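Come along while I look things up, one entry at a time.

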Amino acid sequence: MNSKSIWLHTLVIGSFIAIQSTLLKNISIKGITPDIAFVILVFSVNYQGAFKGQITGFITGLLKDFLSVSPLGFHAFIHVVIASMLGSIKGKIFIDPILVPVLMVTVSTFLKRFFGFILMSIFSHESAGQFFSIALLIEIGINAFLAPFVYALMKAVSLIRPREREEY
Amino acid sequence: MGRIKAFLTQHKTGASLSSLLILSFLLMMFSTRTFVLKPKEIGMTVLSGVQMAFHTVGDFFKDTVNSIEELQQLKTEYAALQQELFDYQTIERDYLALRHENDLLKQQLDFSQSLSFLHIPCEVIAKDPGNLFHTIIINKGTRDGVEKNMPVIAYQEGFQGLVGKVVETGKISSKVMPIFDASCYVAARMKDSRYDGLACGAGIGSDYILMSYVSKRAKEEIHFGDLVITSGMDSIYPKGIFIGRVRNISAPEWTTSLELEIEPVIDFSRLEYVFVLKAEQNEQ
């Protein structure tokens with residue numbers, strides 16, 4: 001995998017960030033929109049590995065920060081942390097079509113919220129509120145539900161491919 | 001002659017029967033005078049019966065052939081009508097959508113003309129891409145005169161309701177923090193009882209606004225459904241803009257004030273057009 005793939009993954013995730021903030025803005029449950037871009041990021045960084053995943057995570061995080069009211073670097077930080085964690089387990093787990101994608105996205109969404117809460121608390125942001133909330137459960141639920149479909153779609157369009165033997 | 005005589009003699013019973021029958025018949029004919037024998041008519045009747053039979057058979061085959069042709073024609077016409085119906089349905093849908101948009105824009109225009117403040121009409125183009133923050137992105141920026149901390153209102157269901165404030169501006173777009181964001185504070189007042197308080201968003205996942213610092217003495221005077229407006233006190237928000245309606249009142253023992261749950265008058269899920277207010281009064 002060369003640097004072209006980093007840009008390709010970044011472009012796809014960036015496009016979904018734009019799509020979910022415009023076209024999908026009215027699809028929400030109690031104000032929570034499906035974070036498809038994040039779900040793609042989860043599989044993308046796990047496929048790319050820690051280093052390349054972190055670069056992708058950082059750039060896409062910055063894109064989110066530009067479009068959000070969040071402090072610049074907020075989403076970038078969270079994406080980099082999650083990318084390094086998921087990238088480090090590249091090739092160490094077998095990813096089946098349903099269970100593991102759901103599990104990966106569930107844990108990643110939880111971590112995203114957790115690191116978001118920690119950062120907002122550190123920077124005394126009023127939006128920090130409570131960590132355990134109905135919003136957390138809804139977001140985990142929606143993202144986990146979408147995980148197998150997104151994973152299958154990414155495989156179908158060859159954004160991620162089955163691993164080569166030497167990677168195991 | 002001899003042979004006839006011999007035949008009649010031999011069959012005399014039959015011959016007499018025939019003769020008598022014919023005779024009786026003739027007598028009846030002449031006595032009644034109603035029986036008129038028309039051989040041509042009889043022949044025509046018989047033949048027309050045959051003709052009718054042929055005609056019926058011919059008609060049957062003709063109708064069958066015609067039916068097949070008619071069926072094909074009907075099928076074509078049905079397909080054409082179905083297409084026409086689909087076209088009309090599309091036109092009707094477009095018409096309804098245009099009428100709805102027209103009504104909406106007319107409302108917004110009427111509202112825009114009635115506003116006492118100078119304002120910038122904007123369209124909502126996006127929302128926050130993540131779920132950790134609330135942002136509404138509008139299609140006007142510094143180029144159109146939008147500045148940070150300008151109040152944003154909208155017109156829905158006959159109410160001019162508070163949407164939030166501008167928190168970031170770009171050249172062609174701006175970010176608006178909605179009032180239900182936990183970091184958005186608004187000086188509020190009960191419209192009828194005139195008690196003051198501070199409204200603040202309840203955060204992500206909540207569909208209400210919390211109004212605190214309302215005196216406990218107000219408990220008897222505040223009712224469910226009461227309207228809450230901006231007080232205009234030491235605030236960027238002008239006075240008298242609707243925020244929402246009281247939907248729950250609580251009086252915790254550990255505080256000296258009431259806590260009110262306010263349901264916003266603006267339905268944020270179907271927010272399309274907003275107005276950014278400038279500080280100057282509209283002189284028109």
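**Entry 1: one residue in chain A**

Is Asn46(A) buried or exposed? I looked up its relative accessible area and found 1%, so Asn46(A) is buried. My cut-offs are these: buried means under 20% relative accessible area, exposed means over 50%, and partly exposed lies in between, with a 1.4 Å probe and protein chains only. Asn46(A) is found in helix H2 of chain A, residues 36-48. I also checked Ser84(A), which is 38 residues from Asn46(A) along the chain, and their C-alpha atoms are separated by 8.9 Å.

**Entry 2: ground rules**

I note that this is a predicted model, where local features need pLDDT of at least 70 and side-chain atom pairs count only at pLDDT 80 or more, while totals for chains, interfaces and linings use all residues. Residues are numbered from 1 along each chain as its sequence is written, chains are lettered from A and ligands numbered from 1 in the order in which they are written, and side-chain values use heavy atoms, with hydrogens and water left out.

**Entry 3: the two chains**

I counted six helices and zero strands in chain A. Here helices (H or I, at least four residues) and strands (E, at least two) are DSSP runs, numbered from the N terminus. Chain B has three helices and twelve strands.

Next I looked up burial: 49% of the 168 residues of chain A count as buried, and for chain B the figure is 35% of 284 residues.

For contacts (heavy atoms within 4.5 Å), I took those with a separation of 6 or more. In chain A, residues 24 or more positions apart account for 70% of them; in chain B, they account for 57%.

Chain A exposes about 8,300 Å², with 73% supplied by carbon and sulfur atoms. Chain B has an accessible surface of about 18,400 Å², and 59% of that belongs to carbon and sulfur atoms. These areas come from the Shrake-Rupley method with a 1.4 Å probe; for residues, only the protein chains shown count as cover.

**Entry 4: strand S6 of chain B**

I moved on to S6(B), residues 185-190, and found five of its six residues buried. S6(B) and S7(B) form a hairpin with five residues between them, and Arg194(B) in the turn has a positive phi of about 65 degrees.

**Entry 5: strand S11 of chain B**

Then I turned to S11(B), residues 257-264, where six of the eight residues are buried. S8(B), residues 209-215, pairs with S11(B) in the antiparallel sense over five bridges, and Met211(B) has Leu260(B) as its bridge partner there. S10(B), residues 242-250, also pairs with S11(B) in the antiparallel sense, over six bridges. In this pairing Val246(B) stands opposite Ile262(B). S10(B) and S11(B) form a hairpin with six residues between them.

Notes:
Two strands pair if DSSP finds at least two bridges between them.
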